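This report looks at the surroundings of a ligand, at the packing of a pair of helices, and at a few loop residues. Please keep the sequence and the structure in view while reading.

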Amino acid sequence: MRRLVKFATPFLLLAGLALLAAAGSVQAQEQTPPPEEQIPADEDIVQGALLYDSWFAALGVLPPEGNMPVWSRQSTNTRSGPDSWRCAECHGWDYRGAQGAYGAGSHYTGFPDLMPLAASLSIDEIVAHLQGANDPAHDFSGYLDDQALVQLATFLKYSLIDDTLYINPVSLQVIGGDMDHGQALYESTCAACHADDGKGILFRTEGVNEYLGSLALRDPWRFLHRTRFGTAGTSMPIGYALGWTPADGRDILAYAQTLPTGGEIVLGEQFAPPAPEPMPVPGGPAENFLEGVLTGIGVFAAALSYAILFLGGFLVLGFLVVILLGRRK
Ligand code: HEC
Ligand code: HEC
């Protein structure tokens with residue numbers, strides 16, 4: 001018996017350590033590793049975001065004549081001219097192209113999702129792409145200087161925020177936002193200009209008048225991008241500079257979605273609800289059958305892994321008892 005205990009003790013210790021490590025790694029995996037290149041400057045990220053929104057507005061120059069050459073590869077989005085030159089028009093305010101909000105509706109182009117890609121490319125690779133290295137038609141080097149191209153690449157590589165799981169793709173409402181926190185942020189930072197009811201500033205977008213409340217409901221991703229990074233030519237306080245978390249941005253969006261919309265906005269007219277792949281929200285109510293099944297599988301998997309952990313704990317306890325009994329002899 002003693003021998004068995006002596007023999008088994010190191011293995012038991014190892015097993016215990018492995019269990020601890022496994023529990024720890026579940027936490028650790030959620031953090032992204034620090035950037036391997038030099039830490040990007042905040043001004044570059046904010047300027048990159050403004051360039052992504054509208055590079056000619058950010059640089060204060062006139063947009064090129066005619067359509068961006070790549071534009072002719074699609075016919076579903078009937079906008080033309082300056083809009084066709086904007087990164088946001090082709091790749092979306094959610095950066096997810098055809099995989100995101102612009103996967104359907106009048107903005108649909110079928111152009112690619114930058115979210116998974118940008119993080120995996122180096123700054124040089126992204127810049128090369130913007131200079132037409134892979135596709136001669138995707139060449140902005142005649143309009144954007146090296147500094148602007150690096151700023152764009154820096155923004156894309158380090159600062160994209162994925163809100164997919166937090167915005168209902170059909171109702172466009174924020175999922176799980178903290179309304180009270182959003183209201184507190186709104187009243188302290190935004191109401192001075194946009195007024196308590198969001199009607200302090202009227203926006204004119206594609207021939208339609210809208211207020212903050214209407215924009216928040218019609219295009220939550222544009223609202224988020226501009227709330228976090230600003231809009232060219234204004235001196236708005238921005239979430240990025242205020243140190244807001246992604247959740248802070250969504251909280252303020254959730255509150256803005258409750259503000260009065262005012263007269264002219266017709267929901268769904270310019271922005272048909274998109275139909276991206278269903279993303280189940282753990283624990284949330286299922287929207288459809290597939291989501292229900294996926295949620296079920298998720299719950300089952302979670303339960304199974306708890307059961308395994310529990311069992312492991314039990315085994316360790318059992319062995320400890322055996323050891324103790326062994327000592328007594
Ligand atoms: C007219 C639509 C259009 C505009 C405007 C546009 N893109 Fe693209 N972009 C595309 C298409 C289509 C592709 C994939 C095919 C290709 O590379 O040309 C692409 C590819 C990319 C890629 C590389 C993806 C890969 O597969 O490697 C990056 C990065 C990118 N775009 C960033 C930008 C940025 C930044 C801007 C704004 C300066 C921008 N794009 C403007 C249509 C556009
Ligand atoms: C100093 C005044 C000021 C403050 C404070 C301010 N904004 Fe703005 N905001 C503006 C101006 C000016 C515009 C541009 C209006 C236009 O484009 O016609 C704007 C535009 C916007 C837009 C873009 C609208 C569009 O057409 O896409 C959003 C979103 C926005 N503000 C949200 C906010 C939020 C959220 C806050 C609080 C965190 C805030 N703003 C605080 C002045 C302000």
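What follows takes these topics in turn, after a note on the model and its conventions.

## Basis of the description

This is a predicted model, in which local features need pLDDT of at least 70 and side-chain atom pairs count only at pLDDT 80 or more, whereas totals for chains, interfaces and linings use all residues. Residues are numbered from 1 along each chain as its sequence is written, while chains are lettered from A and ligands numbered from 1 in the order in which they are written.

## The shell around ligand 2

Ligand 2 is surrounded by 20 residues, of which Thr-189, Cys-190, Cys-193, Phe-203 and Met-236 are the closest; a residue is near a molecule if its C-beta atom, placed from the backbone, lies within 6 Å of it. Two or more residues of this shell come from each of α8 (191-194), β1 (203-205), α9 (212-218) and α10 (220-229), where helices (H or I, at least four residues) and strands (E, at least two) are DSSP runs numbered from the N terminus. The most is given by α10, with four residues.

Divided by class, the shell around ligand 2 holds 11 nonpolar, seven polar and two charged residues, with Ala, Val, Leu, Ile, Met, Phe, Trp, Tyr, Cys and Pro counted as nonpolar, Asp, Glu, Lys and Arg as charged, and the others, Gly among them, as polar.

## Packing of α7 with α12

Helix α7 (residues 179-189) packs with helix α12 (residues 246-256) at an angle of about 90°, their axes being 7 Å apart; axes are lines fitted to C-alpha atoms, for helices over the stretch in contact, and angles run from 0 to 180 degrees between N-to-C directions. The angle therefore makes α7 roughly perpendicular to α12, a term that covers 65 to 115 degrees.

On the α7 side, the contact (C-beta atoms, placed from the backbone, within 7 Å) involves Met-179, His-181, Gly-182, Gln-183, Leu-185 and Tyr-186, and on the α12 side Asp-248, Asp-251, Ile-252, Ala-254, Tyr-255 and Ala-256. The residues of this contact comprise seven nonpolar, three polar and two charged.

## Loop residues

Leu-172, in the loop between α6 (146-158) and α7, has a positive phi near 65° although it is a residue other than glycine. Leu-172 counts as buried, because 20 C-beta neighbours lie inside 10 Å, and the cut-off for buried is 20 or more other C-beta atoms within 10 Å, with 12 or fewer counted as exposed and values in between as partly exposed, C-beta atoms being placed from the backbone.

Ala-195, in the loop between α8 and β1, is not a glycine either, and its phi is positive at about 70°; with 14 other C-beta atoms within 10 Å, Ala-195 is partly exposed.

Key
Parallel < 35°, antiparallel > 145°, perpendicular 65-115°, else oblique. Contact = placed C-beta atoms within 7 Å.
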